Amino acid sequence: MKIVHYCQHVLGLGHFMRSLAVAEALSGHDVIFVTGGPDVGYSFPPHVRQVRLPALEMDEEFKTLRASDSDTDSSFSIEALQDERKRLLWNVFESERPDVFLVELYPFGRKRFEFELLPVLEAIREDRFGPCVAISSLRDILVEKTDQAKFERRVIDRLGRYFDALVVHSDDRVFSLRQTFSRCNDIPIPVVSSGFVAKEADPTSRNRIRTALGLGEHDGLVVASAGGGKVGGPLMSAVVDAFLDPSFDPSVSLHIFTGPFLDDSHYDALTHRVHGHKRIHIERFTDDFLGYLCAADVCVSMAGYNTMMNILSARVPAVVWPFDQNREQRFRAERFATMWPLTVLPKGELNARTLAQAIGTRLNDSRPDPTSINLDGAKQTAQYIVESTAELIRRRV
């Protein structure tokens, strides 16, 4: 089976990493992974071929679409980049003629990218690329809209016109789609809850990484992360402030992953502040982040989907500072805090003292028991795609 998997990450890494996990789970099939955000520099397995569209991203307020400075010639206008992206995506379908078009987030988001999605979706409906089903891939929580009723009408319309199924990457016992989308009963296509998309932790990671870091059995380790890094600078600064305070436990080490998109000047300032400090280490990115969380005694992070799933997989206590531009991260964090050793920092209280106290409290926690939450979403999504495609095509004929 051949699957074109479209993922447009515009700010952080959550959408990219979740989509990649699903693509990896489709082993044994041919996956063309079409990405349109800043380069992540990830190594793909043999069955996944990446097609990179000219990179576009949003500003931190989600108001302005712009070319990614690191990836795209700034002399090109947004209109020219859109035309080129539209052409490239169309060519993928003409040359590959896939069985499945898996679209991350749209039509619940990425409205700004309809210029390239709608021509392909309309052509699929006209069978111009041969039999092909379109499946929408959606995370657990939707952000709020200024006009929610109008938004939901538009989503229902797009799902009915262009899609054959909707897969929601959540466990209904934790988050149901109807909590942030009131018209679930009006969705005209099959809706499947896959479970959360989370990588499975390697049980050898804890000893392996702690040995590599030179940590003894009773040495504490805090791993801090800012996801993609675009909006995580204040959290990274606060955690460094907490560890540089002379009163902080000297037996605890800190390993920071700032994210690949943290501003260079902010990254340089952080590394300058901790230069020569033996128990604070800063890197931009690791492809073994889950392994580091298994080695950690506490995770300090934001509360995006991917990070929260890593926390659950690694069974690590955590302190989180949700991104408060919309409700999504705080909603997720506060729900999981009722089920997990998790401290959610209040709005407006990100400072060294509050953070140090929260970390100190969580360092006294034992690792939680394995969770009963369904974290097998990548495998179950892949299984649904493989087993349902033929039936979805028959339903449309």
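**Salt bridges and burial**

Reply: In this predicted model, the side chains of Arg161 and Asp157 meet in a salt bridge, with 3.1 Å from N to O. Both residues lie in helix H4, four residues apart, which is about one turn of the helix.

Me: Why is the contact of Arg161 and Asp157 called a salt bridge?

Reply: The N to O distance is 3.1 Å, and the term asks for a side-chain nitrogen of Lys or Arg within 4 Å of a carboxyl oxygen of Asp or Glu, so the pair qualifies. Arg161 and Asp157 also belong to a network of salt bridges that includes Glu114, Arg154 and Arg158.

Me: What makes Glu96 count as buried or exposed?

Reply: Glu96 has 16% relative accessibility, which is under 20%, and therefore counts as buried. The side chain of Glu96 meets that of Lys2 in a salt bridge of 3.0 Å, N to O. This pair links distant parts of the chain, with Glu96 in helix H2 and Lys2 in strand S1, 94 residues apart. Lys2, at 22%, lies between the two limits and so counts as partly exposed.

Me: Which residues have the most contacts inside the largest nonpolar core?

Reply: They are Phe101, Phe108 and Phe181, in a core of 75 residues. Phe108 touches Phe181 as well as others, including Leu138, Phe151 and Leu166.

Terms used: Residues numbered from 1 in each chain as written. Predicted model: local features only at pLDDT ≥ 70, side-chain atom pairs only at ≥ 80, totals over all residues. Heavy atoms only, no water. Core = buried A, V, L, I, M, F, W, Y, C linked by side-chain atoms within 4.5 Å. Buried < 20%, exposed > 50% of the residue type's maximum accessible area, 1.4 Å probe, protein only. Contact = heavy atoms within 4.5 Å. Helix = DSSP H or I, 4+ residues; strand = E, 2+ residues; numbered from the N terminus. Lists of a residue's contacts leave out its neighbours within four places in sequence.
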